[in-house]
Amino acid sequence: MNWFGAAYYPEHWPRERWKEDARMMAYLGINVVRIGEFSWSVVEKSPGDIDFSLLDEAIEVIYSEGIRVIMGTPTCTPPPWLVKRYPEILQVDRDGLTINAGSRRHYCFNSQVYREETIRIVKAYVEHYGRDPRVIAWQADNEYGCHNSTVCYCENCAIAFREWLKKRYGTLDRLNQRWGTVFWSQVYRDWDEIDPPRRSLSSPNPSLMLDYRRFSSDSVLEYHILQRDIIKKGSRAPLTHNFMVNFTEIDYKKMAEKVDFVSWDNYVMTDYDPDLQALNHDLMRSLKKSSFLVMEQQPGRVNWRVVNEAYPPEQMAFWIKQSMAHGAFGSLVFRFRQLPFGAEQFHSGLLNYDGSTTERAKAFAETVKELRNWKIDRLKKEAAIYIDYENFWIGETDNLNGNFNLLQDGILPLYKTIRSFGYNVDFLFPGDSPSGYSFVCIPSAFKLDPEFLEALQEFEGKIFITAMTSQKDENNNVRLQDNDSFKRLTGIRIIDAAGIKNPVRISFGKDEYIGGFVIEALELTDGCEEMAVYLEGPFKGKPAIVKKGRCYYLSTVGDIELFKELFELAGIKRMANGSARVLRTESNMVLLNPFPYNIRILIDGVVHNLREYEVKVVLPQRI
Ligand SMILES: [Zn+2]
C-alpha cells in the first residue's frame, strides 16, 4: 500500500486536540505522519533530562486510528541551552562571521562536540523507538544543507579539511603540483598553511575551491553516517533523509548510498515549471534506481518566498499524482495544520489555523482514494542525461560565463526537449553505464568521468554533447593535452572558447537558431562533419554543431528550439505530439496535464484528451 500523510507536530497543539487531529487524518486517508524532527527542546527540556512522554502519548493517539509514524531525529534544531553551553558548534561563514542560533541548521558538521551531542540524542531516540512497530521509517536530521549550510569556514572545518587533504594527496608536493600552487606564489610547505577558501580579495585557487566543496559534501555524509549507524543498529525500520529540490551542494548520489530509500521535499522554488518538478522526481528516482517518497509536498502557499502565491487544490492533487507517475511510492503533505506562531506562519496546510478542513484537504482525500493502490510499473529505459554533482561545483568556480547555471541553463532545456518528444528520462552518474538507452545527453559536463567516456565509445545509441564538456580535470584545471578519448568520440579539438553576453545566431537546417553563454571554435578531425555554423560573433563562419557517427557536438549552450531541430535532424523519432506529458512503463502509459485547461496529445496516431490537471493511465489495448 502506498504511503499518504503529512508532517505533524503534536508539540504545537494542546493534548486535548490530538484525538480530533488523528480522526481527521484517518478521515482524509492518511496512513503515515512524520513527527519528531524538530522536537529536541521538548524531549530534553534541560541537559540530560530526556522525557519522551509527549511523543509517546501522541503516537498512541495517532496509532489508535491505524496511522503509523516516520520518526525524525531532532538534530536540525539544537536547543538554545545546548548552543549557550557549546557555542563552538556554530557555523562560521566565508567572511568569518559566526552564524547565530535562532532559526535552524546552525551547527557545524565537523564540530566534535556537536557530533558527540548528536550521538547522545540519536541514541536516546533509537533506544526509545527502535523496536516500536508503529515507527515504520526513520528520517535522519532534516534537509541537510538547507539555508546554505553545507559549507562552513570555521576552525574545526579548517583542521578537518587538512586531514581530508592528507588522505587525498598523501604529500604536499603532490598537492602543490595538482593544485598549481606555483601560481600567485601559493606553494605550501606545511599542511597548517592551508585554509578554507575564506573571503579574499580575488578568486581563490580553483582546485582548492573544488576540493573544499568535495570536503564539505563529504563532511555532511560523515555526519549522516554517525546517525545512520546508530539507527541501523537499533532499529529494523528503513532509514531515509529528506533531499531538496534543485539542490546541488551535497553529492546526492553518494548520500543516496547511505539511506535505505530516497525521499525529497517537493516545493516550487520560484515560477512554477512542471518539467522542473518532474526533472527533480526523475533525478530522485535515478539516484538509487528505485522508488522514492515525497516527504514534504507543498500543499499551496509557502511562507519563504518573497511573494507567497496561492495554488489551487487541483494543482496540489496534480503534484501528488505527478510524483507517483514518476516513481514515488507515497506523498506526505507539509504540513497537516497551519500554525499561527513561529517562523512559518503563512505556510498553508491541509487544515486551517482553527483546525477546520480546507479545500486542499478535500482534494487530498480524493487523490488518496484514487491513488491508494495505484501502482505504476517500472518506467522504461528510454533516454538518459549524464550528471556529476562535482560539475555543479566546478561551474561555480573559474569559468567562461558566470551567469551560466548548469541545472537551469544546461540540463533543463535538454530535459524539456526530450520530454516533449515523449521519452522517459533517467539520470546517469559517474560509474553508470549508458547501455540500454536509445540516446544519451551530456550537457556541459565540465569534467567527464573517464569510465563513462569509455562506455560511450561502445554505446550504440545516439549521443548529444554540449559545450564545455570534458574541459576540466579532477583538479578543476583545464585539460588541453590529454583529451584523446574525447577527441576520438566527438571528432573535435577545441582551439578557442569565449563567454558571450548576448546569444549568437546560428545557421542550422532550414532556419536560424541561437546559442548562448559560451561559444567554442572547433577544429574538425577526419570523419567529423559540420551541421551548423555561427552567423555572427567572434567565431563567425566556424562550425557550431558537428557530427561524428552517432555523436553530435554543440559548441555552445542550446535552447529548446535548437535541440528540437537537432533531434529531428539526428533522426530521434517523436513518440508524442502535444503539450501533455507522457511516461511509459512496460505495460501502460501515463498521460499528464500540468495545466489549468483542457489539452490533447497525439500518440501513435491516437488523440487523447485530458481535462485540466488530469493524470490518467492508459492501457495498451486502448492505445
Ligand atoms: Zn565548521
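**Reading sheets, helices and burial in a predicted model**

UniProt, in an unreviewed entry, places the feature "binding site" at Arg104, Asn142 and Trp304.

Me: Before I look at those positions, what kind of model is this?

Reply: This is a predicted model, and the descriptions that follow should be read with that in mind.

Me: Where does arginine 104 lie, and is arginine 104 buried, partly exposed or exposed?

Reply: One reads exposure by counting the C-beta atoms around a residue, where 20 or more within 10 Å is called buried and 12 or fewer is called exposed. Arginine 104 sits in the loop that joins helix H4 (80-85) to helix H5 (112-129), and because there are 17 C-beta neighbours inside 10 Å, arginine 104 falls in the partly exposed class. Apart from neighbours within four places in sequence, arginine 104 makes contact with Cys76 and Thr77.

Me: And where is tryptophan 304, and is tryptophan 304 buried or exposed?

Reply: Tryptophan 304 is also found in a loop, the one between strand S8 (292-297) and helix H11 (313-325). With 12 C-beta neighbours inside 10 Å, tryptophan 304 counts as exposed.

Me: How should I read the strand order of the sheet of 9 strands?

Reply: The order lists the strands as they lie side by side, and here the open sheet reads S5-S4-S3-S2-S1-S9-S8-S7-S6, with parallel pairing. Strand S5 (239-240) and strand S6 (242-244) are at the edges with a single partner strand each, so one side of each has no neighbour in the sheet. Within this sheet, strand S3 (residues 68-72) and strand S4 (residues 135-139) run parallel and are joined by 4 bridges, with glycine 72 standing opposite glutamine 139 in S4.

Me: Which helix lies across S6, S7 and S8, and at what angle to S7 does the helix run?

Reply: An angle between axes takes account of the N-to-C directions. Helix H10 (residues 274-288) is the one that lies across S6, strand S7 (263-266) and strand S8 (292-297), and H10 runs at about 175 degrees to S7.

Me: What is the order of the open sheet of 3 strands, and which helix lies across its strands?

Reply: In a regular strand the side chains alternate between the two faces of the sheet. The 3 strands here follow the order S22-S23-S26 with antiparallel pairing. Strand S22 (581-584) and strand S26 (615-618) stand at the edges, each with a single partner strand, so one side of each lacks a neighbour in the sheet, and the twist averages 20 degrees from one strand to the next. Strand S23 (residues 589-592) is joined to S26 by 4 bridges, where valine 590 has valine 617 as its bridge partner. H11 lies across S22, S23 and S26, at about 35 degrees to S26.

Me: Is valine 582 buried or exposed, and which residues does valine 582 touch?

Reply: Valine 582, in strand S22, is buried, with 22 other C-beta atoms within 10 Å. Leaving out residues up to four places away in sequence, valine 582 touches Gly422, Ala576, Met589, Leu591, Ile601 and Ile603.

Technical notes
Residues numbered from 1 in each chain as written. Predicted model: local features only at pLDDT ≥ 70, side-chain atom pairs only at ≥ 80, totals over all residues. Pairing = 2+ DSSP bridges. Helix = DSSP H or I, 4+ residues; strand = E, 2+ residues; numbered from the N terminus. Contact = placed C-beta atoms within 7 Å. Axes fitted to C-alpha atoms, helices over the stretch in contact; angles between N-to-C directions. UniProt positions renumbered as here; feature names shortened; annotations may be inferred.
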